[in-house]
Amino acid sequence: MKTDKACTEIVTGVHEQILRIKINRPDKKNALTRSMYAAMADAIARADDDNGIRAVFLHGTADCFTAGNDLKDFQAFRQDGDNKDVSNFLSTISRAQKPIVAAVGGVAVGVGTTMLLHCDLVYAGQSAKFILPFVALGLCPEAASSFLLPKLVGHKRASELLLLGEPLSAAKACEIGLVNAVYPDGEFIDKALSQVQKLVQQPPASVRITKALIKRPISKHIAEAMAAERDHFSERLKSGESDEAFRAFFERRKPDFSRFD
């Protein structure tokens with residue numbers, strides 16, 4: 001594998017027709033910056049354009065998938081309003097033509113969970129936790145999760161996950177269909193890789209066509225949901241509620257939303 005020239009925290013490599021993308025910023029719990037989003041989007045787009053690549057394998061380190069957005073970087077684009085790299089990544093992963101398999105260990109926070117809704121197969125370590133803290137941060141869902149999550153788990157369970165943001169265990173994630181299977185923490189990456197290896201042995205055109213057919217009935221709805229979420233998310237970034245949530249985080253205190261209506 002090699003490090004992306006523009007971003008040292010995203011490591012990519014092609015082996016046996018598999019593009020492997022590793023989120024590799026362990027000192028920051030693999031928190032994502034705009035340059036990391038751009039590198040992942042470029043890698044997925046390259047996979048679609050390369051006939052020598054039949055599948056994408058996305059994973060973090062053994063003990064952490066990603067803690068979500070790097071909050072210092074996130075604060076910067078709250079100020080400058082430039083979240084095009086995030087939007088481009090979400091659009092790219094949602095429209096990817098080649099199958100994407102994800103392996104999740106440790107925490108998958110925010111976009112670390114919502115991006116999985118666009119992967120075709122997802123496998124987790126037994127200690128994995130999935131957290132959607134958008135509302136607690138004064139924000140709103142993204143990555144079409146306001147559409148895809150209710151479709152996957154039902155309205156009430158999606159409301160619980162998105163409104164309360166309580167952690168979801170790997171076992172529960174498997175039960176509700178967010179992940180395909182759960183394996184011991186020391187085995188989940190290799191188990192997921194074995195599934196990718198099975199995929200690349202399948203007829204490649206049939207795989208791409210089948211993926212496209214599976215997604216065809218919902219593709220329009222995904223694009224519409226992303227557009228609506230993007231508008232609200234941009235507004236939320238500038239809101240007083242979001243200011244209070246982030247100020248409280250950096251001041252290591254509980255946020256106080258009592259003055260908002």
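**Reading contacts, cores and strands**

Modeller: Let us begin with a single residue in this predicted model. Setting aside neighbours within four places in sequence, Val111 is in contact with Leu32, Tyr37, Gly68, Leu90, Phe134 and Glu142.

Colleague: In which helix is Val111 found?

Modeller: Val111 belongs to helix H4, which covers residues 111–114.

Colleague: Is Val111 buried or exposed, and why?

Modeller: A residue is called buried when its relative accessible area is under 20%. Val111 has a relative accessibility of 1%, and therefore counts as buried.

Colleague: How should I read a nonpolar core?

Modeller: In soluble globular proteins, nonpolar side chains tend to be buried together. Here the largest nonpolar core has 63 residues, of which Ile21, Met40, Phe89, Met115, Leu116 and Phe130 touch the most other members. Helix H1 (residues 34–49) supplies the largest share of this core, namely eight residues. There is also a second, separate core of 14 residues, with Ile18, Ala192, Leu199 and Val200 among them.

Colleague: In which sense do strands S2 and S3 pair, and over how many bridges?

Modeller: In a regular strand the side chains alternate between the two faces of the sheet. In this model, S2 (residues 7–15) and S3 (residues 18–23) pair in the antiparallel sense, over six bridges. His15 stands opposite Ile18 in S3.

Colleague: What do S2 and S3 form, and how many residues lie between them?

Modeller: The two strands form a hairpin, with two residues between them. In the turn, Glu16 has a positive phi of about 50°.

Definitions and conventions
Residues are numbered from 1 along each chain as its sequence is written. This is a predicted model: local features need pLDDT of at least 70, side-chain atom pairs count only at pLDDT 80 or more; totals for chains, interfaces and linings use all residues. Side-chain values use heavy atoms; hydrogens and water are left out. Two strands pair if DSSP finds at least two bridges between them. Helices (H or I, at least four residues) and strands (E, at least two) are DSSP runs, numbered from the N terminus. A nonpolar core is a set of buried Ala, Val, Leu, Ile, Met, Phe, Trp, Tyr and Cys residues joined through side-chain atoms within 4.5 Å. Buried means under 20% relative accessible area, exposed over 50%, partly exposed in between (1.4 Å probe, protein chains only). Contact means heavy atoms within 4.5 Å.
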